[in-house]
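Q: I have a structure open and would like to talk through a few spots in it. Could you take a look with me?

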Amino acid sequence: MEDTVLVVNCGSSSLKLALFDGQHRKQASALAERLGQNDAFARVEGQEEIIPLDPGASHDQALNTLVKVFRDQGLMASTPTAIGHRVVHGGETFREAVLLDDDVMDAIEDCAGLAPLHNPVNLSGIRATLAQFPEVPQTAVFDTAFHQTLPKKAFLYALPEAWYREWGIRRYGFHGTSHAFMAAEAARLLGKTPATTSVISAHLGNGCSITAIRDGISVDTSMGLTPLEGLVMGTRSGDVDPGLFDFLRSKGVAADEVHRVLNHESGLLGLSGQTNDMRSLCELADHGHEPSQTAIDVFCFRLARYVGAMMASLSNLDALVLTGGIGENSARIRAETINHLKLMGFELSPDLNNHHGEFSDGRIESPDSRFPVLVIPTNEELVIAREASRIAGSAAPG
Ligand code: ADP
């Protein structure tokens, strides 16, 4: 029977399943959305048909339904040989992916205070999968683990030291699987080894973060204690002045409300007043909608500033790498961002940029650019599948 790997990714109200073969080629995937709400539903990738879920369906129910659909449709002909779970927060406990057991699950639960929207649902996905496949080795792959190499000067906030010691308040960073993938892919495309390749990688999706990777190791990143810090995102503000909280309190805005607005009503959505979707913003801006152009301008300027900031952690740079829905698809955002970085010697080829590097091994810089600029489609599921196989392989008896 051929080896297969199942990847489980539980978000706060969604669940994604992906099945890979022994060569880590994706065989099937499915997505359940609006979990916990009355209109929960699921769909297998590439199929029109909606799979109904019970109103208020939990992650457990969605997982059981989708595994049954995979089996009934012959997409999962045999029990997977390994299972990989995305876990958002590993705190300082997890520096790499680990085989799941009771102690690891307790430790993930201990980290839940740092990611209350994510770690509990990650755990419920893990428990449901363990119940379905008790005999299969299961691995937890953490969003934070890749950034556990950050030096103290990069991960400490300038706050009372006891807050770090007693409460773990520090910068953790997220999107680690994506940044690790981009660094390895950039090394491959440049004909180098990951351990000798230094890049700045920008993951630009609904959530956005940027990381400095020196010789394959994460040394600085824009997200912090939570995924709210750093770049402008779809609905998240990124960096704001912490003095804002006091000011808003004086205006009678409660802490919960500030939290809600910074996470769900800020970023591109807040600035444009229209949408968090970059493609729609570009269309609106083309039709003369000024707030949408302003949202784009703030997004690109902040991103360019952060590229400059990441330079402080590197002694050489092999490439600036861009990914995520925006990084991979928007020539306009890449051009507007790189335009701010002329003084550092970055310059794009308009032609290669317009083709997203499709005909040039991902490279979109002009011949005069001081540094290569690469567009690399990210693949977090593939990283999780590879890690799950590797760890299940090393855990196998004999
Ligand atoms: P998620 O973080 O949810 O996985 P994605 O990585 O899919 O998100 O990125 C979604 C973002 O990518 C959206 O803002 C979307 O508008 C943007 N995007 C996708 N294609 C384009 C495009 N051609 N031009 C501009 N933005 C795009």
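Predicted model: local features only at pLDDT ≥ 70, side-chain atom pairs only at ≥ 80, totals over all residues.

Q: Where is N9 found, and is N9 buried or exposed?
A: N9 is found in strand β1, which covers residues 4-10. N9 counts as buried because its relative accessible area is 16%, and the cut-off for buried is under 20%.

Q: What does the UniProt annotation say about N9?
A: The unreviewed UniProt entry carries the annotation "binding site", and that annotation covers N9 and E380. They span 372 residues in sequence, yet no two of their C-alpha atoms are more than 10.0 Å apart, so they gather at one spot.

Q: And E380, where does that lie, and what does E380 touch?
A: E380 lies in helix α15, which runs over residues 380-395. Not counting residues up to four places away in sequence, E380 touches T177, S178 and H203. With a relative accessible area of 23%, E380 is partly exposed.

Q: Back to R86, then: which annotation covers R86?
A: The annotation "binding site" in the unreviewed UniProt entry covers R86. R86 has its place in strand β6, residues 82-87, and R86 is partly exposed at a relative accessible area of 21%.

Q: What does the side chain of R86 make with the side chain of N9?
A: The two side chains make a polar contact, at 3.4 Å. Beyond N9, and not counting residues up to four places away in sequence, R86 touches V8, N122, V141, D143 and I384.

Q: Since I384 came up, how far is I384 from L317 in space?
A: From C-alpha to C-alpha, L317 and I384 are 27 Å apart, and in sequence they are 67 residues apart. L317 has its place in the loop between α11 and β12, the latter being residues 319-323.

Q: Is L317 buried or exposed, and which residues is L317 in contact with?
A: L317 is buried, with a relative accessible area of 11%. Leaving aside neighbours within four places in sequence, L317 is in contact with S198, V199, I200, M311, F346 and F371.

Q: Which side chain does the H24 side chain make a polar contact with?
A: The side chain of H24 makes a polar contact with the side chain of S389, at 2.8 Å. By contrast, the C-alpha atoms of H24 and G91, which are 67 residues apart along the chain, are separated by 28 Å.

Q: What about D21, is D21 buried or exposed?
A: D21, whose place is in strand β2, is buried, with a relative accessible area of 3%. The D21 side chain makes a polar contact with the side chain of R25 at 2.8 Å, and a polar atom of the D21 side chain lies 2.9 Å from the backbone nitrogen of Q23.

Q: Which residues is D21 in contact with, leaving aside neighbours within four places in sequence?
A: Those are E2, D3, T4 and Q27.

Q: Now the helices: at what angle do α10 and α11 pack?
A: Helix α10 (residues 278-286) and helix α11 (residues 290-311) pack at an angle of about 125°, with their axes 8 Å apart. That makes α10 oblique to α11, and α10 passes α11 in a left-handed crossing.

Q: Which residues meet there?
A: On the α10 side they are M278, L281, C282, L284 and A285, which meet S292, Q293, A295, I296 and F299 in α11.

Q: And how do α1 and α3 cross?
A: The axes of helix α1 (residues 59-72) and helix α3 (residues 119-132) come within 9 Å and cross at roughly 45°. That makes α1 oblique to α3, and α1 passes α3 in a right-handed crossing. The contact is made by H59, D60, L63, N64, V67 and R71 of α1, together with V121, S124, A128, T129 and Q132 of α3.

Terms used:
Residues numbered from 1 in each chain as written. Heavy atoms only, no water. UniProt positions renumbered as here; feature names shortened; annotations may be inferred. Helix = DSSP H or I, 4+ residues; strand = E, 2+ residues; numbered from the N terminus. Buried < 20%, exposed > 50% of the residue type's maximum accessible area, 1.4 Å probe, protein only. Contact = heavy atoms within 4.5 Å. Polar contact = N/O pair within 3.5 Å; in protein donor to acceptor, adjacent residues only side chain to side chain. Axes fitted to C-alpha atoms, helices over the stretch in contact; angles between N-to-C directions. Parallel < 35°, antiparallel > 145°, perpendicular 65-115°, else oblique. Left-handed = near helix turned anticlockwise from the far one by under 90°.
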